Amino acid sequence: MALGVRLLLLLVLWTLAVPARSLREAGDGGCYAFSRPVILQGLTDNSRFRDLCSRQRLLALFGDSVVRLSTANTYSYQKVDLPFQEYVEQMLHPQDPFSMGNDTLYFFGDNNFTEWASLFRHYSPPPFSLLGTIPAYSFGIAGAGSGVPFHWHGPGFSEVIYGRKRWFLYPPAKTPEFHPNKTTLAWLRDTYPALALSARPLECTIHAGEVLYFPDRWWHATLNLDTSVFISTFLS
């Protein structure tokens with residue numbers, strides 16, 4: 001089974017032609033890595049990392065550590081520092097559907113990798129990279145209904161450790177209809193239902209243990225369906 005998974009992954013990487021499970025087929029959008037979102041399963045064994053990411057263990061190890069939160073809007077203007085335990089106990093709750101993005105704080109990225117090294121050394125990232133680049137990692141924990149509205153950057157992988165994360169994606173040539181200071185939950189409530197079928201994004205739900213590859217410059221928004229732990233690997 002593991003060999004079959006490896007062969008499938010090689011096929012994905014070298015043919016550049018396998019669309020993600022649950023995603024409608026998309027154009028290449030001029031991407032320089034393989035050109036479509038792909039969901040990968042059985043890529044690495046992160047069971048040890050998952051064990052260490054339980055609420056009890058994270059609080060025991062890092063409760064007093066200061067973490068940096070970003071506002072959950074497209075440009076993440078504001079940064080707030082506070083103890084990790086305070087974030088978990090007071091802010092890790094379901095998203096208020098009427099809050100604006102600049103009023104919603106989100107723990108993702110801006111990690112102190114020296115202080116959190118004892119955790120991150122147990123993570124096995126996807127075994128792929130782009131020549132001439134050094135992967136960068138971002139770790140996140142967020143409540144149900146939270147997420148980041150549409151934005152884009154270079155290619156990478158996103159793995160869910162706990163929970164489920166819904167993704168909405170558009171190729172680079174197709175700019176989505178959205179407000180940069182409205183949360184993904186508000187967009188899903190107010191904008192998504194009125195979109196014509198041809199204007200709707202590619203969509204998928206990533207479950208614990210699955211990895212999504214997102215191509216270069218693809219627009220994407222995320223929505224955590226549960227309290228979720230996740231980590232992304234940026235390739236450029």
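These legends describe close-up views of a predicted protein model.

Residues are numbered from 1 along each chain as its sequence is written. In this predicted model, local features need pLDDT of at least 70, side-chain atom pairs count only at pLDDT 80 or more, totals for chains, interfaces and linings use all residues, and side-chain values use heavy atoms, with hydrogens and water left out.

**View 1. Confidence along the chain.** pLDDT is the predictor's confidence in each residue, from 0 to 100. The protein chain averages 84. A score of at least 70 is reached by 83% of the residues. Helices (H or I, at least four residues) and strands (E, at least two) are DSSP runs, numbered from the N terminus. Among these elements, helix α1 (residues 2–15) has the lowest mean pLDDT, 36. Strand β7 (residues 164–170) has the highest, 98. Over residues 1–33 the pLDDT is below 50. This stretch still has 61 contacts in the model beyond near neighbours in sequence; a contact means heavy atoms within 4.5 Å. Where pLDDT is low, predicted coordinates should not be read in detail.

**View 2. The eight-stranded sheet.** Two strands pair if DSSP finds at least two bridges between them. Eight strands form an open sheet with antiparallel pairing. Their order is β1-β9-β6-β11-β5-β4-β2-β3. The edge strands, β1 (38–40) and β3 (79–83), each pair on one side only. From one strand to the next, the twist averages 30°. Axes here are lines fitted to C-alpha atoms, for helices over the stretch in contact, and angles run from 0 to 180 degrees between N-to-C directions.

**View 3. Bridges inside the sheet.** Strand β6 (residues 156–162) and strand β9 (residues 211–214) run antiparallel, joined by four bridges. Gly156 has Phe214 in β9 as its bridge partner. Phe108 stands opposite Gly140 in β5.

**View 4. A helix across the strands.** Helix α4 (residues 84–91) lies across β2 (66–71), β3, β4 (105–108) and β5 (136–142). Helix α4 runs at about 100° to β3.

**View 5. Two nonpolar cores.** A nonpolar core is a set of buried Ala, Val, Leu, Ile, Met, Phe, Trp, Tyr and Cys residues joined through side-chain atoms within 4.5 Å. Buried means under 20% relative accessible area, exposed over 50%, partly exposed in between (1.4 Å probe, protein chains only). The largest core has 28 residues. Phe49, Phe84 and Trp116 are among those with the most contacts inside it. Elements giving two or more residues to this core include α2 (47–52), α3 (55–62) and β11 (228–234). A second, separate core has 11 residues, including Val160 and Leu169. In soluble globular proteins, nonpolar side chains tend to be buried together.

**View 6. Asn73 in its loop.** Asn73 sits in the loop between β2 and β3. Asn73 counts as buried because its relative accessibility is 4%. Its side chain makes polar contacts with the side chains of Thr71, at 3.0 Å, and Asn181, at 3.3 Å. A polar contact is a pair of N or O atoms within 3.5 Å; within protein, one must be able to donate a hydrogen and the other to accept it, and residues adjacent in sequence count only if both atoms are side-chain atoms.

**View 7. Thr184 in helix α6.** Thr184 lies in helix α6 (residues 184–190). Thr184 counts as buried, at 2% relative accessibility. Leaving aside neighbours within four places in sequence, Thr184 contacts residues including Gly147, Phe168 and Leu223.
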